[in-house]
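The sequence and the structure are shown first.

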Amino acid sequence: MPPNAAARSARATSTSTARRRRPAPDTTVSSAEALGFYRQMVLIRRFEERAARAYTEAKVGGYCHLNLGEEATVAGLMASLDETDYVYTNYREHGYAIARGIEPGRVMAELYGRSDGVSRGWGGSMHMFDVASRFMGGYGIVGGQVPLATGTALAIDYRGGREAVVCVMGDGTTNIGAFHESLNIAALWSLPIVYVVINNGLGMGTTVEQSSAEPELHKRAASYRMASARVDGNDPEAVYDAARTALAGARSGKPYLLETVSGRLKGHSVVDPATYRTKEEAAALKAADPVAAYAVTLHDRGLLTDESIAEIDADAMSAVARAVEFADASPHPDVSTLFDYTYATPVPNDSRRLPGAALYPAPPRPGAEDAGAVRIGAAR
Amino acid sequence: MSLITYRQALNDALRSEMLRDEDVFLIGEEIGQFEGSYKITAGLLAEFGPKRVRDTPIAEEGFTGAATGAAMVGLRPVVEIMTINFSLLALDQIVNHAAKIYGMFGGQARVPMVIRTPGGGGQQLGATHSQNIELFYAFVPGMKVVAPSSPADAKALMLAAIRDDDPVLVLENLSLYNTKGEVPDEDVPGEIGRAKVTREGSDITVVAYSRMAAVALEIAGKLAESDGIDVEVVDLRSLRPLDRDTVIASVKKTNCAVVLEDDWLTYGIGAEIAATISDGAFDWLDAPVRRVAMAEVPLPYAKPLETAALPSADDAITAVRETLDATARRR
Ligand SMILES: Cc1ncc(C[n+]2csc(CCOP(=O)(O)OP(=O)(O)O)c2C)c(N)n1
Ligand SMILES: [Mg+2]
């Protein structure tokens, strides 16, 4: 479906409160910023669709979780950050990495497991990391990033810095112990951090209501006397504004819990057909598609035309095509680099043995002048 | 050189690293106001203030993870986990995060963090407070694990651990805290990844670490006197990386070995040492490698039961004698 048609059909079938039209936007977002959001959202949409295809072509291995349906949140949230701020996310992070300014080619190359991938092919879909953009990692263990992000906020505070940390997680993650330990610590120590809960209504297939005794997740902040808000995650401008407010608080030592509400358009990961969802649910999600909806909004505001919508889409398609080309051309990591990243500080006797190798290769014979003293560790 | 306790040696190392490097800070439960459950951090809050000696809520996963996240951007946290038993609550942050971050992100972020924590039973603390589960961490590539047995090594390895850019678990031991030894006054970091022959001998190799390495020296002295047995003691000091070559070199000299360990036998550190010897010195062996290890039970509270379950100097002596008997039959 061409984007404009998608936008129209979205408008025609819209019942979602998420898409209540605002003729005159009560936001700080300028026209240029709004168009920037839209471009970003379309790029992420096209990138993720292409990643799914690459997965079915067996170019991508492992698990692969997509940001489809989360584009508005990604765009609004990432735009609210300063360059020096730190971002932690879960495994559903391709879009965040791209919006943080990492070349889509390097993100795709990581999916392909190539040496030019953001994590040099060591992380894969779930573990993207980039020092330069302070993108501090996607994490595959649910909740794993939450204490880490809190610690980075502690380091900022320790050094008297002005930066802040944004820690992105899913709704399901608010039931993990580490979430509560971390919020308590951040509030106690007045750390510059914003916890962002992406409420897409589901863990994998378990609903928020089935898993959270307080399903209005932002309210959990109350236990830690932490400020919080819930915002429409399908509206990039609302997310942007809410995130700016949250960040301003965080920078003055008031950590914040921001809940964004949006839908997950496909399965939990690429291989999940989401059969637990009814036809009606799927249709409603499609109707609330944030990319299509935002196209309509900007069209109504006179910022987009049918032509510019098509142009933006074509740009995104070619950016994604370039990313795939880059990934495909990037070399696989050389097996000789297998032991390069076990330790940052070289240490004697670290094992560099491949699975089939004997620990002491030359079969030692008694009397044969210390023949057995073949080194296994590369003492460096 | 000064004659000081293992506890004092640790305290000296922490203090001196905090003076040397502003980025070094301590974080853990009851380490400030209370000065540490075992008083390793005594005086440090008063000297350095709450920013550098940070009392935490009882949230092992939260504060160990926070320390990791602080280390990722260049601070050098020293985490105290009150005893190694409680580290299980931080297992995810240690094993799935601290130990993985350098490799999983292709070498882009380092985790210069120390976790210091005592193991050890024998204090009638019951099953949940008396474990020796250092193996859990020594099993994991990306971690470094050291287990000093003397005050001098405690200081040297703590200094090395703090200056290292990888997560290092420093295994302390409840029953070593009050032991005394000569410790250099100056700060000389030890080398992680190296064992040490702490007593040279020609008859049998005894391999041990932490508390049992001290026991090994004790029984070596006794056996020399009582039986005229010349024991060589290899103190592993580093459980990961493991210095296999020092063990192998010793066994090639003595042709037999006993491993002393405070953990459980099955799958334990001693099993790894025995396998190493089988790999590297099979043809030199005159007897099977013997292991002295804790009885495989949740450690009971009642004193006679606890004592029976824990490896003792007498158990070690028996194992050495029996191993030498076995070699005599073969030689
Ligand atoms: C500790 C842990 N438990 C279970 C899983 C398996 N798992 C992966 S994603 C997921 C659901 C997480 O839901 P949510 O936090 O809402 O994030 P979403 O996937 O919806 O973005 C589960 C259970 C895991 N990765 N880590
Ligand atoms: Mg979810």
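## Terms and model

A residue is called buried if 20 or more other C-beta atoms lie within 10 Å of its own, exposed if 12 or fewer, and partly exposed in between, with C-beta atoms placed from the backbone.

This is a predicted model, in which local features need pLDDT of at least 70, side-chain atom pairs count only at pLDDT 80 or more, and totals for chains, interfaces and linings use all residues. Residues are numbered from 1 along each chain as its sequence is written, while chains are lettered from A and ligands numbered from 1 in the order in which they are written.

## Asp12 of chain B

Asp12(B) is buried because 20 other C-beta atoms lie within 10 Å. Asp12(B) belongs to helix H1 (residues 6-20) of chain B; helices (H or I, at least four residues) and strands (E, at least two) are DSSP runs, numbered from the N terminus. Between Asp12(B) and Ala271(B) there are 35 Å in space, C-alpha to C-alpha, and 259 residues in sequence.

## Chain A and ligand 1

An unreviewed UniProt entry annotates residues 39-335 of chain A as "domain: Dehydrogenase E1 component". UniProt positions are given in the numbering used here, feature names are shortened, and annotations may be inferred rather than shown by experiment. This span of chain A is 44% helix and 12% strand, and its end C-alpha atoms are 39 Å apart.

Ligand 1 is surrounded by 15 residues, the closest being Val142(A), Gly170(A), Gly172(A), Thr173(A) and Gly203(A); a residue counts as near if its C-beta atom, placed from the backbone, lies within 6 Å of the molecule. The shell around ligand 1 comprises 6 nonpolar, 7 polar and 2 charged residues. Here Ala, Val, Leu, Ile, Met, Phe, Trp, Tyr, Cys and Pro count as nonpolar, Asp, Glu, Lys and Arg as charged, and the others, Gly among them, as polar.

## Contact between chains A and B

The contact involves 48 residues from chain A and 49 residues from chain B, where two residues are in contact if their C-beta atoms, placed from the backbone, lie within 7 Å. On the side of chain B that touches chain A, H3(B) gives the most, with 10 residues. By class, that side has 19 nonpolar, 15 polar and 15 charged residues.

## Domains of chain B

Chain B is assigned domain 1 (2-183) and domain 2 (196-330), with bounds from an automatic or database domain assignment. Their C-alpha centres lie 27 Å apart. In chain B, 26 residues of domain 1 are in contact with 22 residues of domain 2.
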